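Keep the viewer open as you read, and turn the model as each part comes up.

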Amino acid sequence: MMKYPTCLAHMACLLLLCLSLPLQAQQYEQVGDYQVHYSAVSTSFLSEEVAAEHGIQRSPAMALVNVSVLEALEDGTMRAVNAPVSGKVGTVGDSSPTPLSFRSLRTGDSVSQVAVFRIIEGEPMRFDLEVRHDRNQPPAEVGFIQRFTIDR
């Protein structure tokens, strides 16, 4: 089990080294004793090696959503939780968003759920996610809106 600052440092390292994401891209929601961390970036930010290792297509027209969950323990430490994720993405007001296909990505003690999707340039994209952080509780609903640009 990791202490809170160490766990946050590990998560930041995971994001920087494994997915090459900028730190400001990371956001989270507190759900009881759990932190649901999420971010979405263009797959072109991934290094060729990381993309090949995880079977992710690098493209300025594709993006990746990354979700990870940390649980606060009684002793003040945090631990990574394998939390299945389902969800959809579409433009704001879209009546038929596209389902996201998540898969697990493990690095050391950390586990993330990742899904790749096509960017709709210049349009705000809405993400509606269900995160099964605790099998004894209903899934946490996490939603966010983000706009992407395609670098040509």
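This is a predicted model: local features need pLDDT of at least 70, side-chain atom pairs count only at pLDDT 80 or more; totals for chains, interfaces and linings use all residues.

**Aromatic pairs**

A pair of aromatic rings is described by the distance of the centres and the angle of the planes. The count here comes to five aromatic pairs. Two of them are set out in the table.

| Ring pair | Distance of centres | Angle of planes | Arrangement |
|---|---|---|---|
| Phenylalanine 117 and phenylalanine 148 | 5.8 Å | 70 degrees | edge-to-face |
| Phenylalanine 127 and phenylalanine 144 | 4.4 Å | 10 degrees | stacked |

Why is the pair of phenylalanine 117 and phenylalanine 148 edge-to-face? Planes over 60 degrees apart count as edge-to-face, and the planes of these two rings stand at 70 degrees, so the pair falls in that class. The pair links distant parts of the chain, with phenylalanine 117 in strand β9 (residues 110-118) and phenylalanine 148 in the segment after β11 (140-147), 31 residues apart. Phenylalanine 117 counts as buried because its relative accessibility is 5%, and phenylalanine 148 is buried with a relative accessible area of 6%.

The rings of phenylalanine 127 and phenylalanine 144 have their planes at 10 degrees, so this pair is stacked. Distant parts of the chain are linked here too: phenylalanine 127 lies in strand β10 (residues 124-131) and phenylalanine 144 in strand β11, 17 residues apart. Phenylalanine 127 and phenylalanine 144 are both buried. Ring pairs also bring these residues into a cluster, made of Tyr38, Phe117, Phe127, Phe144 and Phe148.

In soluble globular proteins, nonpolar side chains tend to be buried together. In this model the largest nonpolar core has 26 residues, and those with the most contacts inside it are Val65, Leu100, Phe117 and Phe127. Which elements give two or more residues to this core? They are β3, β4 (62-72), β6 (85-91), β9, β10 and β11. A second, separate core of seven residues includes Leu46, Ala51, Leu64 and Val114.

**Strand β10 and its partners**

In a regular strand the side chains alternate between the two faces of the sheet. The covered face of β10 holds Met125, Phe127, Leu129 and Val131, while Pro124, Arg126, Asp128 and Glu130 make up the uncovered one. β10 runs antiparallel to β6, joined by seven bridges, and the bridge partner of serine 86 in β10 is glutamate 130. Eight bridges join β10 to β11, and these two strands are antiparallel as well. Here proline 124 stands opposite arginine 147 in β11.

**Residues of strand β3**

Valine 41 belongs to strand β3 and is buried, with a relative accessible area of 7%. From C-alpha to C-alpha, valine 41 and phenylalanine 148 are 8.0 Å apart in space, although 107 residues separate them in sequence.

How values were computed
Residues are numbered from 1 along each chain as its sequence is written. Side-chain values use heavy atoms; hydrogens and water are left out. Rings of Phe, Tyr and Trp (its six-membered ring) pair if their centres lie within 6.5 Å; planes under 30 degrees apart count as stacked, over 60 as edge-to-face and the rest as tilted. Helices (H or I, at least four residues) and strands (E, at least two) are DSSP runs, numbered from the N terminus. Buried means under 20% relative accessible area, exposed over 50%, partly exposed in between (1.4 Å probe, protein chains only). A nonpolar core is a set of buried Ala, Val, Leu, Ile, Met, Phe, Trp, Tyr and Cys residues joined through side-chain atoms within 4.5 Å. Two strands pair if DSSP finds at least two bridges between them.
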